[in-house]
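Please look at the sequence and structure before reading on.

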Amino acid sequence: MMDKKSYEASWECPSNIALVKYWGKKPGQLPMNPSLSFSLKKAQTKTRIRIEPASCRKVEFLFEGKPSAFTGRVEKYLAAMSLEHEWLNNYAFYIESENTFPHSTGIASSASAFGALALCLVDLKQQVTKKTFTPQQFFQKASRWARLGSGSACRSVFPSFALWGRLDDVPNSTDCNAIPLTDKFHPAYQSLRDAVLLVDSSKKQVSSSAGHELMNDHDFKDVRISQANKHLSQVLEAMRIGDHVRFFQLIEKEALSLHALMMTSDPSFVLLHPNSLSVIAKIRAFRQQTSLAVGFTIDAGPNIHLIYFEQDKQQVHRFIQDELLPLTEDGQWLDDCIGNGPRKLSE
């Protein structure tokens with residue numbers, strides 16, 4: 001007998017910034033290499049889903065109150081999910097979503113979007129099946145389900161630092177979902193901040209999905225997988241002992257390796273803007289002049305993430321205002337920090 005009840009779930013999920021990059025994937029949305037990120041505090045997606053019994057699955061999706069091109073991606077995602085979770089076929093989905101951060105700012109909106117969507121779906125499954133998961137089960141499922149929509153989204157459902165991908169050094173690490181990393185690091189790393197410098201908001205030359213596919217036949221594929229594993233183990237050790245110099249050396253090498261892979265793929269893409277390189281040069285000069293523990297990372301685009309510690313906020317902000325904003329698009333930047341993970345919203 002068809003369930004005649006309707007159900008609702010509302011969750012807020014952060015985006016995240018990768019320190020060791022995931023680039024290249026295997027079938028099933030599994031990563032070629034492990035990655036490490038930290039969740040942001042201010043950059044969130046808020047999603048509310050209401051489901052009502054229906055003879056077949058249908059989807060209505062509004063982003064910030066308007067129909068969105070993202071609807072097709074959500075429909076495709078739910079169709080794929082329904083092959084394993086048949087209950088999804090018995091409901092009409094009414095989804096409303098909004099971001100606390102603007103588009104094209106160098107913050108991964110798909111990570112927070114699919115993280116929030118997956119959290120709502122796991123919540124709804126509990127309601128529909130009358131089965132309650134433990135917190136560990138709940139967030140592990142959410143991470144797995146988020147991964148199927150966007151790989152990096154699987155890391156967003158955890159607070160602070162999350163690792164995705166099998167790494168021999170870390171028990172319970174797996175390609176299937178991310179795991180939270182707690183009490184493993186020098187306490188200074190809980191005060192990390194991320195200043196996102198918007199160098200160019202133009203649409204990317206290549207989508208992340210297409211970029212990942214370019215790794216399948218890349219000349220440096222095997223070397224990259226080995227490098228990422230080595231870098232991740234080294235970053236974790238640097239964070240454990242509080243070696244800030246080594247930490248920033250490694251995350252910068254990771255960011256530049258990602259762009260080197262894009263430049264040497266076939267076809268090749270140069271995603272950095274001339275001002276991106278100028279910002280990098282200024283950050284390195286600032287670090288040398290002040291001896292502050294600061295550095296950068298970059299995702300697959302031109303915008304630079306200036307990573308620094310809370311204790312240096314005043315000095316770093318002065319540097320951004322004086323030296324870096326002239327190199328950004330219309331002086332645009334966002335300042336964020338390490339966050340506490342997703343949150344269930346009142347309904």
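Pro53 stands opposite Tyr91 in strand 7. This is a predicted model, in which local features need pLDDT of at least 70, side-chain atom pairs count only at pLDDT 80 or more, and totals for chains, interfaces and linings use all residues. Residues are numbered from 1 along each chain as its sequence is written, and side-chain values use heavy atoms, with hydrogens and water left out.

Helices (H or I, at least four residues) and strands (E, at least two) are DSSP runs, numbered from the N terminus. Two strands pair if DSSP finds at least two bridges between them.

| Pair | Sense | Bridges |
|---|---|---|
| Strand 4 and strand 7 (residues 91-99) | antiparallel | 9 bridges |
| Strand 4 and strand 8 (residues 161-164) | antiparallel | 4 bridges |

Ala9 stands opposite Ile49 in strand 4, and Phe38 is opposite Phe161 in strand 8.

Helix 1 (residues 70-82) packs with helix 3 (residues 135-149) at an angle of about 125°, and their axes are 10 Å apart. Axes are lines fitted to C-alpha atoms, for helices over the stretch in contact, and angles run from 0 to 180 degrees between N-to-C directions. Helix 1 is therefore oblique to helix 3 (under 35 degrees is roughly parallel, over 145 roughly antiparallel, 65 to 115 roughly perpendicular, the rest oblique). Contact (heavy atoms within 4.5 Å) is made by Arg73, Tyr77 and Met81 of helix 1 and by Trp145, Ala146, Leu148 and Gly149 of helix 3.
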